[in-house]
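Subject: Structure handover and notes

Hello,

Please read them with the coordinates open.

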Amino acid sequence: MKISKNKVAQIFREIADFLSIKGENPFRIRAYEKAADALEHLSGDLEELYRRGKLKGVPGIGKGMLEKIEVLLSTGTLPAYEQLRAEFPPGLVEILSIPEVGPKTVKLLYEKVGVKSVDDLEMAVQSHKLRNLPGMGAKTEENIVKGLKLYRMRRSRILLGTALPLVGEVILELRERASSWIEKISPAGSLRRGKETIGDIDILVTSSNPSSLMDAFTSLSFVNDILAKGETKSSILTPQGLQIDLRVVAPESFGAAIQYFTGSKSHNINLRERAIKRGLKINEYGVFTQEGKKIAGEREEEVYHCLDLSFIPPELREDRGEIEAAEEDKLPHLLTEEDIKGDFHIHTTGSDGRDSIEDMIQRAREKGYQYIAITDHSSSLKVARGLSEQDVLSQAERIKKINSSLNNFRVFSGTEVDIRADGTLDFSDEVLKKLDIVIAAVHTGFKQDERKMTSRVIKALQNPYVKILAHPTGRLLGEREACAIDLNKVMQVAKDRGVWLEVNSQPQRLDLNDVWAREAKRRKIPIVINTDAHNKQSLDLIKLGVVTARRGWLEKEDVINTLPLDKLLTLLK
DNA sequence: GCCGTTTTCGGCCCGACTGTTTTCAGTCG
């Protein structure tokens, strides 16, 4: 049984939880969590990385962690981990995920009341067994009841593509109701970093009238429940169970605060460690000298400049080497949405899209694009009303005619051809060679094992007419795991064959993800950012793909569809 | 457990908030 890096990370996190309940050295606990983070941010197969010695020198993975990974890889288990598991009942760690309940409480409840699981805790609370414990009172008991309620209704993280428009609406409505009390306003947190999923939404604001602003915030149409309401922070719950926090900060601290609340946590820790080495201190109010003199805080850029770092865009703040790069002034010049000149993955009424070719052209031109490719599904994908060979060829003829009537814009004929279970394609080469752009993609048979899936996709990429591999892992966030596929091998073939890899902008796909997009860049494999739009509005999803690419450190030069039409045509020849 | 342009030992981010407390511990982000 092969053990994945995510599995190892999960084991490390569980060890950290056990150790925290035991009351171990907090820094040792952090070390396990940090190692788990580091593993999750690596791209590639763990065993291969280990064999090639690539794990050495990864920050957070030292001698001890390396040995543990080695043992896990060769035996599939870890004695120290098994020992901890034997030491505690199996349901204990889960109690930690209840809000308000931390390791000390779990330990106390376990030892004094015999609470071994979330259900045990529920019963203990109901029979008021907690309020007489040392350090506990009626109020704490009440808070645990609340925590349990939140735990029971706990929702999974929401998609970036859902959160972004929502926060836009929240800010809009807030401005409508309280514009005169709002000075600066900006989302922070993982939303601002462009993470693919969002836990809760943080909004920062400077205000001349905080209490009236908070009144307005807590009476927005989105409010289902008010969790907290104060002068500096209020929290509300939307009907969907999403928490939105609004924080009021002083104008002179806005930069430091937005830096602080944007995170990520490990980026900030790294930054503050760096500050300490320079005799400085960073908090959410500013950057201070040892004498307590404030030297920055109003603008976010200053915080970085004080530490002799160039400004780090929010999307890079994941502690994946961005601070070191900023130090050497080697940060990438991240691409922007304005750099995008076209879209290669578009569906129309020809298959399962909702709008016509003409509609898509119109919207693309409004966006300032210079080209699009029409890539409807192929015949075997019946659910999407896939085109027959004859259909796609007559569509290509129609596109030719459309092109003859267009100035300064080009429509490419194409297809999103299905990669069948055996790696053959749904259309014959005779048909494919008559199309401008051939995208290959897997839509069925996701449960194949890694060897089968990898060779299936590689076989498809070896077809001379395939230009793009769409949504390479097939994941659907919150619905379907990435399929088992060795992307390192796939990338090697893509590179040799000159196939472009897609960053798909659909909110639930974002596939390739940030980590793999960065790996593609490292291998100098061209990326295309596509929307996979099934209607004209969806062409605007491109921003999600761009954000994902930015998180993958991509620059304009790494992305094919930043090329203007003339350069693209030269390339396609 | 990790790590080193002061260190191979002795540090390890920082503050708010809350509750149970007469000065602090626990949790959170």
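Which residue in β6 does Ala228 stand opposite? The residue is Ser235. Please keep in mind throughout that this is a predicted model.

The sheet

Strands β5 and β6 (residues 233-237) are paired in the antiparallel sense, over 4 bridges. They belong to an open sheet of 5 strands, ordered β2-β4-β7-β6-β5, in which the pairing is mixed. At the edges are β2 (182-187) and β5 (225-229), each of which pairs on one side only. On average, and with direction ignored, neighbouring strands of this sheet are turned by 20 degrees against each other. As a general point, strands of a sheet pair through backbone hydrogen bonds, in either a parallel or an antiparallel way.

Two helices lie across strands of this sheet. Helix α12 (residues 210-218) lies across β2, β4 (201-207), β5, β6 and β7 (243-248), and runs at about 170 degrees to β7. Helix α13 (residues 254-262) lies across β2, β4 and β7, with an angle of about 175 degrees to β4.

The hairpin

Strands β8 (residues 280-283) and β9 (residues 286-289) run antiparallel and are joined by 4 bridges. The hairpin between β8 and β9 passes through 2 residues. Asn283 has Gly286 in β9 as its bridge partner.

A helix pair

Two packed helices are described by the angle between their axes and the distance between those axes. For helix α20 (residues 450-461) and helix α21 (residues 487-497), the angle is about 5 degrees and the axes are 10 Å apart. Angles under 35 degrees count as roughly parallel, and α20 and α21 are therefore roughly parallel to each other. On the α20 side, the contact involves Thr454, Val457, Ile458 and Leu461; these meet Lys489, Val490, Val493, Ala494 and Arg497 in α21. By class, the residues of this contact are 6 nonpolar, 1 polar and 2 charged.

Cavities

How many cavities of 30 Å³ or more does the structure hold? There are 2. The volume of the largest cavity is about 70 Å³. Its lining consists of 13 residues, and those nearest the centre are Val442, Val457, His471, Pro472 and Thr473. The lining of the largest cavity has 10 nonpolar and 3 polar residues, with no charged residues.

The second largest cavity holds about 30 Å³ of space. It is lined by Gly194, Lys195, Glu196, Leu510, Asp514, Thr548 and Arg551. By class, that lining has 1 nonpolar, 2 polar and 4 charged residues.

The second largest pocket

The second largest pocket has a volume of about 1400 Å³. Its lining is made up of 42 residues, with Ala38, His41, Leu42, Val58 and Arg320 nearest its centre. The elements giving two or more residues to this lining are α1 (5-22), α2 (26-40), α3 (46-51), α14 (265-277) and α22 (514-522). Which element gives the most to the lining of this pocket? Helix α22 does, with 6 residues. By class, the lining of the second largest pocket has 24 charged, 10 polar and 8 nonpolar residues.

Backbone points

In general, most residues other than glycine have a negative phi, and most peptide bonds are trans. Some places to check against that follow.

- Gly263 and Ser264 are joined by a cis peptide bond, with omega about -5 degrees. Ser264 is in the loop between α13 and α14.
- The peptide bond from Asp511 to Leu512 is also cis, and omega is near 5 degrees. Leu512 is in the loop between β16 (500-504) and α22.
- Glu100 has a phi near 80 degrees, a positive value in a residue other than glycine. Glu100 is placed in the loop between α6 (92-95) and α7 (103-113).

Regards

Technical notes
Residues numbered from 1 in each chain as written. Chains lettered and ligands numbered in written order. Predicted model: local features only at pLDDT ≥ 70, side-chain atom pairs only at ≥ 80, totals over all residues. Heavy atoms only, no water. Axes fitted to C-alpha atoms, helices over the stretch in contact; angles between N-to-C directions. Parallel < 35°, antiparallel > 145°, perpendicular 65-115°, else oblique. Contact = heavy atoms within 4.5 Å. Nonpolar A, V, L, I, M, F, W, Y, C, P; charged D, E, K, R; others polar. Pairing = 2+ DSSP bridges. 1 Å grid on protein atoms, 1.4 Å probe; cavity = no way out; pocket = protein on both sides within 12 Å on 5 of 7 lines; lining within 4 Å. Points joined across faces, edges and corners; volume = space filled by probe spheres on them.
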